[in-house]
Amino acid sequence: MIAPVPPHGLGGSLMSLAARDLPLFFALNAFQADGNRDAPALGRIRDYLFSGSLVPSEVRRYLERMQRESQRALMDLVWPQHLWIRETRGLPTLVMGAGADALCSVPMIEEAARFHNVSPVIFDGMAHAMMLDPNWLEVAQRLGAWLDELKPAARA
């Protein structure tokens, strides 16, 4: 799980984001509602998605390719997830999060990890879009190592 929705859902996360950073909250909602791509809104979204180490030309390239999230998926994720995900307890799980994630904060990542009875892996200095971070290879390598650890268990 990379930057997973916490078991309590996104509702609390969104309210926490609104309390911490109202301009970002409004920029995300405007982008989601109508694809608002004006410079101030994109600047705020950039701060939400990407770490400061990503060069502006890459940020621009990624933001131009972004699409709005599925409204249905967002509505499903707002509510507590316990009923839907309880059957996943006990399955091999890796929970990874970013230390500078504005939406899925470290405590939320830790909550998801506790739900699955695992220790989270936190990548300091990264933001929400870890797979687009200049240090994305660290995330990929950690995932690869975890998958390699599972191989002997799968044969048993």
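The model is predicted, so local features need pLDDT of at least 70 and side-chain atom pairs count only at pLDDT 80 or more, whereas totals for chains, interfaces and linings use all residues. Residues are numbered from 1 along each chain as its sequence is written, and side-chain values use heavy atoms, with hydrogens and water left out. The structure holds two salt bridges, a salt bridge being a side-chain nitrogen of Lys or Arg within 4 Å of a carboxyl oxygen of Asp or Glu.

**Salt bridges**

- Side chains of opposite charge can pair when their charged atoms come close.
- Glu 58 pairs with Arg 61 in a salt bridge whose closest N and O atoms are 3.0 Å apart; because the two residues are three residues apart in helix H4, about one helical turn separates them. (Helices are DSSP runs of H or I with at least four residues, strands are runs of E with at least two, and both are numbered from the N terminus.)

**Thr 93**

- Thr 93 sits in the loop that runs between helix H6 (82–85) and strand E1 (96–98), and with 14% relative accessibility this residue counts as buried.
- The side chain of Thr 93 reaches the backbone oxygen of Leu 91 at 2.8 Å.
- When neighbours within four places in sequence are left aside, Thr 93 is in contact (heavy atoms within 4.5 Å) with Met 1, His 116, Val 118 and Trp 146.

**Ser 70**

- Ser 70 is placed in the loop between helix H4 (56–65) and helix H5 (71–78), where its relative accessibility of 41% makes it partly exposed.
- Between the C-alpha atoms of Ser 70 and Ala 140, which are 70 residues apart along the chain, the separation is 26 Å.

How values were computed: Buried means under 20% relative accessible area, exposed over 50%, partly exposed in between (1.4 Å probe, protein chains only). A polar contact is a pair of N or O atoms within 3.5 Å; within protein, one must be able to donate a hydrogen and the other to accept it, and residues adjacent in sequence count only if both atoms are side-chain atoms.
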